[in-house]
Every structure is written in C-alpha cells, then in structure tokens.
Protein chains: 2
Amino acid sequence: MSTTNNLATVRAQIDELDEKIQNLITQRAGLATEVAQAKYAQETKPVFYRPEREVEVLRNVIARNKGPLSNETLTRIFREIMSDCLALQQPLKIAFLGPAGTYSQAAVYKHFGHAAQNIPLQTIEEVFREVEAQTANYGVVPVENSTEGGVNQTLDGFINTSLKICGEIELPIHHHLLANVDKVEQIQRIYSHQQSLAQCHHWLNSHLPQVERIAVNSNAEAARRAFNEAGTAAIAGQMAADIYQLRIIASRIEDNINNTTRFAVLGQQEIPPTGGDKTSLLLSTPNQPGALYDLLEPFAHNQVNMTRIESRPSRQGIWEYVFFVDIEGHIQDAPIVNALQTLAKYTGLIKHLGSYPRAIL
Amino acid sequence: MSTTNNLATVRAQIDELDEKIQNLITQRAGLATEVAQAKYAQETKPVFYRPEREVEVLRNVIARNKGPLSNETLTRIFREIMSDCLALQQPLKIAFLGPAGTYSQAAVYKHFGHAAQNIPLQTIEEVFREVEAQTANYGVVPVENSTEGGVNQTLDGFINTSLKICGEIELPIHHHLLANVDKVEQIQRIYSHQQSLAQCHHWLNSHLPQVERIAVNSNAEAARRAFNEAGTAAIAGQMAADIYQLRIIASRIEDNINNTTRFAVLGQQEIPPTGGDKTSLLLSTPNQPGALYDLLEPFAHNQVNMTRIESRPSRQGIWEYVFFVDIEGHIQDAPIVNALQTLAKYTGLIKHLGSYPRAIL
C-alpha cells in the first residue's frame with residue numbers, strides 16, 4: 001500500500017476518534033453544568049472547585065496511562081478539560097506573586113489550566129490579602145526552594161492567616177546562564193538571586209571561577225540587568241530569557257538536576273481526605289531545654305511520617321520560635337489525631353494550616 | 001434524591017467519560033506515531049506538520065459543536081491534543097517577534113498549542129532569517145492592524161524571502177488604560193504605540209481630552225514607562241499589565257470592538273487546497289497611468305474576491321510600488337489561474353507568497 005493510501009486510512013481513523021472525543025468532552029461539560037445547577041438549587045454559596053475531586057481524576061488518568069503520551073502531557077490535557085468545564089460554572093480568579101512570566105505563573109497554569117483568570121500581585125502579602133478578601137478565589141505562593149526568594153514571607157503569611165492550604169504544586173526549576181555576548185570570555189559579572197547562585201555553585205566554580213557573582217532581588221531583576229549592562233550575565237529560567245531576549249549560553253546549570261520549587265494553593269476550603277494527602281501544621285514551643293524533642297516525639301510515636309520541618313522566629317514575642325511541620329496523611333487520620341492530642345500537652349500553639357492532596361507530578 | 005447522591009452519580013458518569021476520552025486520545029497518539037513511522041520509511045525529510053490537515057480537523061470540530069463549550073474552547077483543546085501528538089513525532093520550533101508576553105506569543109500558542117517550542121526574536125527580519133535557515137520550523141509575524149507596529153517590516157520581508165505563507169492567525173486585540181495611580185485625575189501623560197493611540201482616539205477624546213498623548217515604539221515600552229514614571233499611563237494589553245504590574249484603569253477602550261491583528265505563519269511548505277483558502281500575492285507595476293486599474297481588472301473579471309490590497313514603495317528601484325494583494329481561493333483554483341494569466345501581460349512581477357487555510361476563529 002502506498003503511503004498516501006495509508007495516510008488517508010489513518011486520517012479517517014483519526015477523524016472518527018476526534019468525533020468521539022468531542023462527543024465525550026461535550027457530554028462531560030453537560031454533566032458539569034448539571035452539577036452546577038444541582039448545587040445552585042441547594043446551596044446559597046456553592047463551591048465548584050473541588051481539589052480532592054480533581055486529584056482523583058488525575059490519579060486515575062496516570063493509573064490508566066500506558067503511553068505513548070507522557071503522564072505530564074495527559075494530565076495537562078485533563079487539567080485543561082476540567083478547567084474549561086469549571087469555567088462554564090465559575091471562572092476561577094487566581095492570585096499569585098507576579099510579574100507574569102515567573103515560575104509562580106507557570107505553577108498557576110499547571111494547577112488551574114488556562115481557563116482560570118490570572119491576578120498577578122506585587123507581594124506575597126497581597127496574595128494572602130486578596131484571597132482573604134475573596135477578591136481572588138485562590139492564591140498560589142512559593143513555599144520552599146524557590147529561586148525567587150519569598151519563602152519567608154509565605155511562612156510569615158501562614159502565621160496570621162485564616163486561609164487554608166488546599167493544594168500543593170511542584171514545579172521543576174531549571175537555571176540557565178543568560179547573556180547577550182558572543183563569547184563566554186566576555187562575561188565579567190553574573191547576577192542572580194542568592195538562592196540560584198547557591199544552586200549553581202559547583203557549575204560556576206568549575207566553569208567560570210574568576211567571574212564576579214552578585215546577588216540581586218530576583219532572577220527577573222538579574223535578567224533585566226544582563227539585558228541593560230554590557231559584559232554581564234544572569235542565572236535565570238527560560239521565561240526570563242524570553243522576556244529579556246537573552247541568549248542561553250549554558251542550559252540547566254543547576255547542581256541538582258531534581259531542583260524543584262513547591263507552591264501552596266491558598267483558599268477558604270477544608271479539603272476532605274483523598275487517600276494521598278499531606279498536612280501542614282504550625283507549632284510553637286516555649287524556649288526551654290528539650291522542647292523541640294517533645295514536639296517531635298508524638299509524631300514518631302504514632303508513626304506519622306514528617307516530610308519537612310522549618311523554624312521561624314516568632315514575631316509575637318510570646319514564643320521564641322514557631323515551627324512549620326509537614327506530615328504525611330490527613331488531619332482526620334487516627335494516627336495524626338492521636339499525635340496532636342499528645343502534642344497539645346507540650347505546646348502552646350497548634351495551628352492546622354491545611355490538609356490537601358499531594359502534588360500529582 | 002439528595003445532592004450528595006446526585007453528585008456521586010454524576011461523578012461516576014464523568015469518570016466513565018474520562019476513561020473513554022483518555023483511551024481515544026491515546027489511540028490517536030498511537031495513530032500519529034504510525035503516520036510518523038510510515039513517513040520516515042518512505043521520505044528522507046518527512047514533514048509532520050500539515051496545516052491543511054489541522055484546519056480540516058478544527059473545521060470538523062466547529063461543525064459538530066452544539067455547546068455548551070464554545071468553539072474557542074473546543075478548538076483550543078483540539079489544538080493542544082494535535083500539538084501533543086505532533087510533539088511525539090517532532091516538537092516544532094516556532095520563531096516570533098518577542099519579547100514573551102506579546103500578542104505574537106499569544107498567536108503562537110493559539111495556532112501551535114503549548115507543546116511547540118517558542119523562539120522569541122528581537123526583530124521581524126530575524127524571524128524570516130531563522131525560518132529560512134531552518135533553525136526554526138515556522139515563523140509567526142504580524143501582517144496588519146498590529147498594535148505593536150511591524151506591519152511594514154513584514155511586508156518588506158515578504159519581498160525578498162523564499163518562504164511561503166502557510167497559515168494565518170487572527171487575534172482579537174483589546175486595549176486597556178494602565179497606570180499605577182489612585183485617581184484618573186493624576187494621569188498627566190499617556191504613552192502608547194501610535195497605532196494604539198489611533199485605535200482609542202474617540203475614547204481618549206471623550207474621557208481624557210486634556211491629557212498629553214505620546215507615541216512610543218511599542219505598547220510594552222509604553223507600559224514600562226508607565227511603571228517607571230509617576231503620573232503616567234499606558235495604553236496596552238492585558239499581558240503588559242501583568243508583566244509591569246499596572247492597574248487596569250479602564251478596559252477595552254478601543255473604538256472598534258472587533259479590533260483584530262492578523263498574523264502570517266511562515267514556512268517552507270506549499271499548502272494544498274482545503275476548500276476555504278486565501279492567497280497572498282506580491283505584484284508590481286510600472287509607474288504609468290491606469291497601471292493599478294490594469295492590475296485589478298483581471299481579478300474582477302474572473303470573479304476573484306480581493307480581501308485586501310496594500311501598496312509599499314519598492315526598494316529595488318525598478319518599480320515605483322509593489323502591491324500586496326490577498327484574494328479568496330487557492331492558487332490552483334481555475335479563476336485565479338485565469339486571472340494571473342491575464343495579469344502577466346500587464347505586470348512585471350507576480351510573486352506567489354502563499355495559499356493557505358483561512359483563519360479558523
């Protein structure tokens with residue numbers, strides 16, 4: 001059979017598939033509309049976005065996937081379909097730390113799809129405030145290992161907010177050396193955020209040991225300088241390269257190739273258990289010997305796995321330190337209930353920041 | 001029946017639909033891989049991206065659509081699915097006039113989906129050059145009614161290039177008044193590209209008649225100035241507002257609400273007829289009385305509908321003017337063949353810039 005015939009046959013098959021796909025997506029949108037109507041009929045302020053439900057859908061997608069499309073591609077397609085169906089009921093407004101083109105925006109797209117409305121803000125505090133004021137439905141803030149800084153502002157935001165963490169987003173972060181030079185030898189200075197400089201420490205030591213490194217506020221600011229000053233380079237991501245039209249001199253120069261930034265989704269909802277959850281807690285303890293040990297013991301005793309602990313000086317004067325603790329499981333799980341009951345004897349403050357589905361990919 | 005029961009039933013139905021959707025998308029990707037293998041077996045340099053085929057798929061999608069999802073949403077979903085299937089065979093590299101966040105990038109996403117690789121360049125000339133050098137597979141350049149300027153560079157590019165126009169993209173353009181002021185009264189100056197100022201002429205005259213208007217190179221530049229200078233505003237799009245974190249003081253202030261920019265897709269391919277095509281021609285005529293009339297007569301005589309004509313001074317000295325002509329139909333259509341045969345008697349230059357499917361939405 002000739003290629004042309006073959007091609008015609010395959011295209012006819014693809015047409016049939018497309019018709020079926022479209023029918024099914026249309027049926028799906030119809031069902032979503034039914035759900036909305038049922039909710040409006042029975043609730044005064046219905047909530048349409050259900051993270052626990054989205055994560056279930058995506059976990060099913062991954063469980064079923066046998067290729068050739070990657071899990072990333074398929075979950076992206078289904079995120080978009082869900083995002084579109086949701087927008088029929090209520091287009092979501094998502095606040096995040098701008099400007100556009102940052103990793104935070106990429107995280108918003110990854111989690112909420114392109115049908116959501118973006119609200120880029122100038123500070124992390126504003127993200128908290130806009131979600132608290134319900135000007136935005138949800139907020140996305142970086143929590144750890146951000147290349148843009150901001151982790152501390154997020155942790156400080158958690159201390160005072162009434163919002164709940166209702167999701168997490170993990171985003172792989174790649175750093176590139178960006179400059180508008182013809183030869184690497186022309187680079188006299190490298191700008192970047194101090195975290196990014198640190199994350200590319202080994203690469204810089206072995207490739208550009210003599211070049212001055214200067215820490216600036218953000219990688220976007222570094223790229224802006226590399227754009228304006230001759231003989232300078234920036235370490236930043238693809239988006240900064242695009243925005244400031246800098247050439248990628250060396251790509252993926254981060255020392256740890258699994259470099260990832262974790263974001264929290266802020267909202268007003270408490271999310272029910274999904275069978276694959278994490279819980280974030282804020283704990284504080286008086287400044288006395290053995291206090292931290294007392295804090296950790298109940299988790300270990302109840303076999304609750306702690307994935308992260310981070311301390312921050314308290315600004316409220318009463319407690320010397322507060323601790324941000326992430327554990328595996330949901331606040332309703334028996335081991336966690338037990339651990340928190342014991343913990344209540346030793347600590348002055350236990351604040352449940354949220355229980356939410358683990359990041360999908 | 002309670003909402004909860006109802007909801008559980010509907011969700012089970014959605015799960016079934018999702019499983020089917022995923023199966024079908026996976027089958028589609030499998031077929032796309034088969035096509036690729038067949039092509040590799042028979043061609044030395046197979047071309048995987050087929051605009052005439054994509055447009056067929058999308059026209060079918062629109063023809064079948066009875067709601068509730070909009071044609072825009074459904075074509076976006078299918079663009080992404082095609083983009084993902086294509087990326088299994090060959091991830092496309094698309095050059096465009098940067099920086100990222102411009103309307104040109106929005107046009108790239110609209111036409112090629114998010115699986116394509118973006119190459120933002122600093123000038124329209126570079127876009128032509130990178131596609132000619134095959135560093136990029138396709139290029140996207142603004143042709144008319146752009147808010148960013150650049151039309152003339154595109155037309156000049158067409159004169160010398162060996163590339164073909166193999167698609168068009170239409171993008172609705174909305175202008176907003178952007179500023180970081182508390183009250184409109186604080187605005188003393190408004191920056192924007194002269195085309196955008198012109199497009200918002202009536203609105204400005206009725207709302208801010210006393211405020212000075214200053215034309216700058218691009219709307220992005222205008223937004224940058226509004227960000228840096230107190231008491232100034234910019235007229236620009238949503239993306240500029242996001243990037244420079246400016247407040248939208250008044251939205252959609254363009255006088256014509258159907259304001260649209262048209263982009264051309266540049267490539268190496270000649271696209272076969274699809275039944276809904278346009279043809280772009282470059283014609284020239286010696287500077288003598290009645291020359292333009294002679295140029296137009298053969299089209300009218302053969303009932304070829306002309307959608308646009310634009311003249312540019314020739315830089316080659318021989319001809320005073322060159323004319324860019326867009327007509328409805330494909331270069332292989334009999335009326336166009338006849339018109340061009342007649343035209344050849346009167347004009348020194350007929351260059352076929354391309355025949356391509358009309359923009360979908």
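These are my notebook entries on a predicted model with chains A and B.

**Entry 1: chain A as a whole**

I began with chain A and its overall make-up. I found 12 helices and 14 strands in chain A. Along the principal axes, the C-alpha atoms of chain A fill a box of roughly 80 × 65 × 35 Å. I then looked up burial, and 53% of the 361 residues of chain A count as buried. I also looked at contacts in chain A with a separation of 6 or more, and 76% of them are between residues 24 or more positions apart.

**Entry 2: how the two chains are related**

What rotation superposes chain B on chain A? I found a rotation of 180°, with 0.0 Å of shift along its axis and an RMSD of 0.1 Å. I noted this as the relation of a two-fold axis. I then asked which C-alpha of chain B is nearest the axis. That C-alpha belongs to Ile21(B), 2.8 Å from the axis. As for the contact residues of chain B, 98% of them recur in chain A, so the same surface serves both copies.

**Entry 3: a strand pair in chain A**

I picked strand β14 of chain A, residues 349-357. Seven of the nine residues of this strand are buried, and I wrote the strand down as mostly covered. I looked next at strand β11 of chain A, residues 277-285, which runs antiparallel to β14(A) and is joined to β14(A) by eight bridges. For one position across the pair, I noted that Ile350(A) in β14(A) stands opposite Leu283(A).

**Entry 4: aromatic pairs**

How many aromatic pairs are there over all chains? The count comes to 12. I looked at one of them, Phe158(A) with Phe324(A), whose ring centres are 6.3 Å apart with 50° between the planes. The pair is tilted. Phe158(A) is in helix α6 (residues 151-160) of chain A, while Phe324(A) is in strand β13 (residues 321-328) of chain A. The two are 166 residues apart, and the pair links distant parts of the chain. Are these two residues buried or exposed? Phe158(A) is buried at a relative accessible area of 4%, and Phe324(A) is buried at 3%.

I then turned to chain B and the pair Phe227(B) and Tyr244(B). Their planes are at 50° and their ring centres 6.3 Å apart, so I recorded this pair as tilted. Phe227(B) belongs to helix α9 (residues 219-228) of chain B and Tyr244(B) to helix α10 (residues 238-244) of chain B, so the pair ties together parts 17 residues apart in sequence. Phe227(B) counts as partly exposed, at 39% relative accessibility. Tyr244(B) has a relative accessible area of 15% and is buried, because buried means under 20%.

**Entry 5: charges over rings**

I looked up Tyr191 in both chains. In chain A, the charged end of Arg225(A) sits over the ring of Tyr191(A), 5.1 Å from the ring centre. In chain B, Arg225(B) lies over the face of Tyr191(B), also at 5.1 Å from the ring centre.

**Entry 6: Arg308(A)**

Where is Arg308(A) placed? I found Arg308(A) in strand β12 (residues 306-313) of chain A. Arg308(A) is buried, with a relative accessible area of 10%. The side chain of Arg308(A) makes a polar contact of 2.9 Å with the side chain of Glu310(A). Leaving out residues up to four places away in sequence, Arg308(A) touches several others, including Glu144(A), Arg262(A), Phe324(A) and Asp326(A).

**Entry 7: Glu168(B)**

My last stop was Glu168(B), in strand β4 (residues 164-172) of chain B. Glu168(B) is buried, at a relative accessible area of 4%. Which side chain makes a polar contact with the side chain of Glu168(B)? I found Lys278(B), at 3.2 Å. The side chain of Glu168(B) also reaches the backbone nitrogen of Ala359(B), at 2.9 Å. Beyond neighbours within four places in sequence, Glu168(B) is in contact with other residues, among them His111(B), Arg262(B), Phe263(B), Tyr356(B) and Arg358(B).

Definitions and conventions
Residues are numbered from 1 along each chain as its sequence is written. Chains are lettered from A and ligands numbered from 1 in the order in which they are written. This is a predicted model: local features need pLDDT of at least 70, side-chain atom pairs count only at pLDDT 80 or more; totals for chains, interfaces and linings use all residues. Side-chain values use heavy atoms; hydrogens and water are left out. Copies are superposed by least squares on the C-alpha atoms of residues with pLDDT of at least 70 in both. Contact means heavy atoms within 4.5 Å. Rings of Phe, Tyr and Trp (its six-membered ring) pair if their centres lie within 6.5 Å; planes under 30 degrees apart count as stacked, over 60 as edge-to-face and the rest as tilted. Helices (H or I, at least four residues) and strands (E, at least two) are DSSP runs, numbered from the N terminus. Buried means under 20% relative accessible area, exposed over 50%, partly exposed in between (1.4 Å probe, protein chains only). A charge sits over a ring if NZ of Lys or CZ of Arg is within 6 Å of the ring centre and within 35 degrees of the ring normal. A polar contact is a pair of N or O atoms within 3.5 Å; within protein, one must be able to donate a hydrogen and the other to accept it, and residues adjacent in sequence count only if both atoms are side-chain atoms. Two strands pair if DSSP finds at least two bridges between them.
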